[in-house]
Amino acid sequence: MQPIISVRNLDKTYASGFQALKNVDLDIRKGEIFALLGPNGAGKTTLISIICGIVNPSSGTVLADGHDVVAEYRAARSKIGLVPQELSTDAFESVWSTVAFSRGLFGKAPDPAHLEKVLRELSLWDKKDSKILALSGGMKRRVLIAKALAHEPQILFLDEPTAGVDVELRHDMWQMVHRLREQGVTIILTTHYIEEAEQMADRIGVILKGELILVEDKAALMRKLGKKQLTLTLQEPLDRVPEGLSGLPLELSDDGNALVYTFDVQSERTGIATLLRQLAEQGVDFKDLHSSESSLEDIFVHLVRSNASRPPVDAAATEVRA
Ligand SMILES: Nc1ncnc2c1ncn2[C@@H]1O[C@H](COP(=O)(O)OP(=O)(O)OP(=O)(O)O)[C@@H](O)[C@H]1O
């Protein structure tokens, strides 16, 4: 199937000389939930802004549903809904008129029934006549989503959708995302919250210093990079890992009450049988054991750390950062 978004050889150097994106290639599949992860300043917003036609690329191409986002801006943009991080709408407008205006921007005929559905789903219906300025921060976030959905986009971008929102709104957003996916909408979200990506995404892309260093199915990513740990709670505390066990990937907990054995999820042989035999030989008794798997967060921290020593993408980057 043709990807709904196709990014090729994308570079972005801002006027300051700062290279925010370097040679990004990315295909987004129709109907998937794609999470773009990366630390502050990695280039997530820049990438989204280019796909949405708000920022021009320095080189490379982006097609949204087959339309070039620069050459065929209007056609491409009409397929896309963008929920930005901040509201830059007229504070004196009512919720209804600002959302209706957003729909009109894309040349869509008025459709009060659709707008009502969107506002109801976002628990904004009883606020439809309120002025934006009179809304709470959370309600303003809901208005941003309503605006993005007003023209029935096939692709929805959510830039840090749940940063600073309360539990209820976060829950509502996740539900909304799943509902939209059921309707066939493709969703791309950026997030700092690994938990969010872990719970919601089908695929994950990791962006670091302007480079997309990894794109993977979430399940495969967790299988590939995930580690499992087996924790053995000891009968008697130890003050160090016994000599005879020193060749194994074992660590003693700080209080000396548990031994933690780490192994690859992928590898065929976990070494657990050997571990248990050697423990018995060394006379180490345990009263309990449990295993746990690394979270996406562990994987992400590991990725960022192991890439921390990479050189910046160009010399200008060093200057700006210095
Ligand atoms: N208009 C601009 N001019 C110069 N540099 C810019 C401009 N916009 C962004 N940058 C720089 O480009 C880099 C990437 O910024 P971007 O906003 O894309 O990152 P991000 O991954 O979205 O970060 P965050 O998680 O903090 O939102 C940053 O170092 C930023 O300072």
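This is a predicted model: local features need pLDDT of at least 70, side-chain atom pairs count only at pLDDT 80 or more; totals for chains, interfaces and linings use all residues.
Which residues of α6 are buried? They are Leu169, Met173, Met176 and Val177. These residues cover an arc of only 100° around the axis, which means that they sit on the same side of α6. The face away from the buried side carries exposed residues, namely Val167, Glu168, His171, Gln175, His178, Arg179 and Glu182. And what lies over the buried residues of α6? The cover includes the helices α4 (112–121), α5 (137–149) and α7 (194–200), along with β3 (33–37) and β8 (186–191).

In soluble globular proteins, nonpolar side chains tend to be buried together. The largest nonpolar core in this model has 63 residues, and those touching the most other members are Ala35, Ile51, Val62, Ala64, Ala146, Phe157 and Ile187. Helix α5 gives the most to this core, with six residues. Take Ala146 as an example: leaving aside neighbours within four places in sequence, Ala146 is in contact with Val99, Val118, Leu119, Leu122 and Leu124.

Next, find Leu82 in strand β6, which covers residues 80–83. Is Leu82 buried or exposed? Leu82 has 21 C-beta neighbours inside 10 Å, and therefore counts as buried. Not counting residues up to four places away in sequence, Leu82 touches Cys52, Ala148 and Phe157. Leu82 also shows how folding brings parts of a chain together: Leu82 and Leu149 are 67 residues apart in sequence, yet their C-alpha atoms are 8.3 Å apart in space.

Our last stop is the ligand. Around the ligand you will find Tyr14, Ser16, Phe18, Ala20, Gly38, Asn40, Gly41, Ala42, Gly43, Lys44, Thr45 and Thr46. By class, this shell has seven polar, four nonpolar and one charged residues. Helix α1 (residues 44–51) provides the largest share of the shell, three residues.

Notes. Residues are numbered from 1 along each chain as its sequence is written. A residue is near a molecule or strand if its C-beta atom, placed from the backbone, lies within 6 Å of it. Helices (H or I, at least four residues) and strands (E, at least two) are DSSP runs, numbered from the N terminus. Ala, Val, Leu, Ile, Met, Phe, Trp, Tyr, Cys and Pro count as nonpolar, Asp, Glu, Lys and Arg as charged, and the others, Gly among them, as polar. A residue is buried if 20 or more other C-beta atoms lie within 10 Å of its own, exposed if 12 or fewer, and partly exposed in between; C-beta atoms are placed from the backbone. Two residues are in contact if their C-beta atoms, placed from the backbone, lie within 7 Å. The arc is that of the directions from the helix axis to the C-beta atoms. A nonpolar core is a set of buried Ala, Val, Leu, Ile, Met, Phe, Trp, Tyr and Cys residues joined through C-beta atoms within 7 Å.
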